[in-house]
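Please keep the sequence and the three-dimensional view at hand while reading.

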Amino acid sequence: MAVEISRAPQQVEAEVQKCITAAWDCQSHSFMGSPETVEANLVALPDDLVQRRVYMLMIQGDDRAEARVFERFSLEDTDGTVSTWAEGDLGELVTQITDVLVRNRGVHCPGEQVKATITEERDFIVEGPSAAPKTAAEAFCGPLAAFKNDKFVQATVMMLC
């Protein structure tokens, strides 16, 4: 037997308003240096940023790179997925995402616009669902640990929607 959950019009309206607000408040945070310095900066990001529905972490190390897309299907979900792509280099990925956000100009869901663009040319592996990170440290320290032996890393966090 299927159970259908309906939401009150006020709840749906509140979710739509949050999405509209997020479309006009995309953020990019970039940190460079030793893995320890970058980690300290990542964990200092406000934890409310990882309460977004979709956000990304991109890390460039000495000889490899990784991008992760964290996604919950609604803002209230406690579970989410993580899509991962790895290569030797991020290439123009950060610039490509920035261009998508600027062209979008807050009109469409930025998370969906970015995902559509980056998955056209890259094969992401989707993991989950699992518990969505509650803190910046929980979201970003695990992926960064794979780069702990690198001399210099760059990590960019993109807050989408």
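## Helices against the sheet

Helix 4 (residues 110–121) lies across strand 2 and strand 3, and runs at about 140° to strand 3. Here helices (H or I, at least four residues) and strands (E, at least two) are DSSP runs, numbered from the N terminus. Axes are lines fitted to C-alpha atoms, for helices over the stretch in contact, and angles run from 0 to 180 degrees between N-to-C directions. Contact means heavy atoms within 4.5 Å.

The model is a predicted one, in which local features need pLDDT of at least 70 and side-chain atom pairs count only at pLDDT 80 or more, while totals for chains, interfaces and linings use all residues. Residues are numbered from 1 along each chain as its sequence is written, and side-chain values use heavy atoms, with hydrogens and water left out.

Helix 5 lies across strand 2, strand 3 and strand 6, at about 25° to strand 2. Its buried residues (under 20% relative accessible area, with exposed over 50% and partly exposed in between; 1.4 Å probe, protein chains only) are Ala136, Ala139, Phe140, Pro143 and Leu144, within the helix span 136–145. These residues are on the same side of helix 5 because they cover an arc of only 100° around the axis, the arc being that of the directions from the helix axis to the C-beta atoms. An α-helix has 3.6 residues a turn, so residues three or four places apart point the same way. The cover over the buried residues of helix 5 includes helix 2 (35–43), strand 2 (54–60), strand 3 (65–71) and strand 6 (153–159).

Cys141 is also part of helix 5. Apart from neighbours within four places in sequence, Cys141 is in contact with Glu39, Val43 and Ala136. Between Cys141 and Ala40 there are 9.3 Å from C-alpha to C-alpha, although the two are 101 residues apart in sequence.

Six strands form an open sheet in the order 1-6-2-3-4-5, with antiparallel pairing. Strand 1 (27–33) and strand 5 are the edge strands, each pairing on one side only. From one strand to the next the twist averages 15°. Two strands pair if DSSP finds at least two bridges between them. The table lists some of these pairs.

| Strand pair | Sense | Bridges |
|---|---|---|
| Strand 1 and strand 6 | antiparallel | seven bridges |
| Strand 3 and strand 4 | antiparallel | seven bridges |
| Strand 4 and strand 5 | antiparallel | five bridges |

His29 has Val157 of strand 6 as its bridge partner, Glu66 has Ala86 of strand 4, and Ser83 has Val126 of strand 5.

## Cysteines and the whole chain

How many disulfides does a search of the whole structure find? The search finds zero, a disulfide being a pair of cysteine sulfur atoms within 2.5 Å. For Cys26, the closest cysteine sulfur is in Cys161, 7.7 Å away, which is too far for a bond. Cys26 counts as partly exposed, at 27% relative accessibility.

The protein has five helices and six strands, which follow the pattern α-β-α-β-β-β-α-α-β-α-β along the sequence. Of its 161 residues, 43% are buried. Among contacts between residues at least 6 apart in sequence, 72% join residues at least 24 apart.
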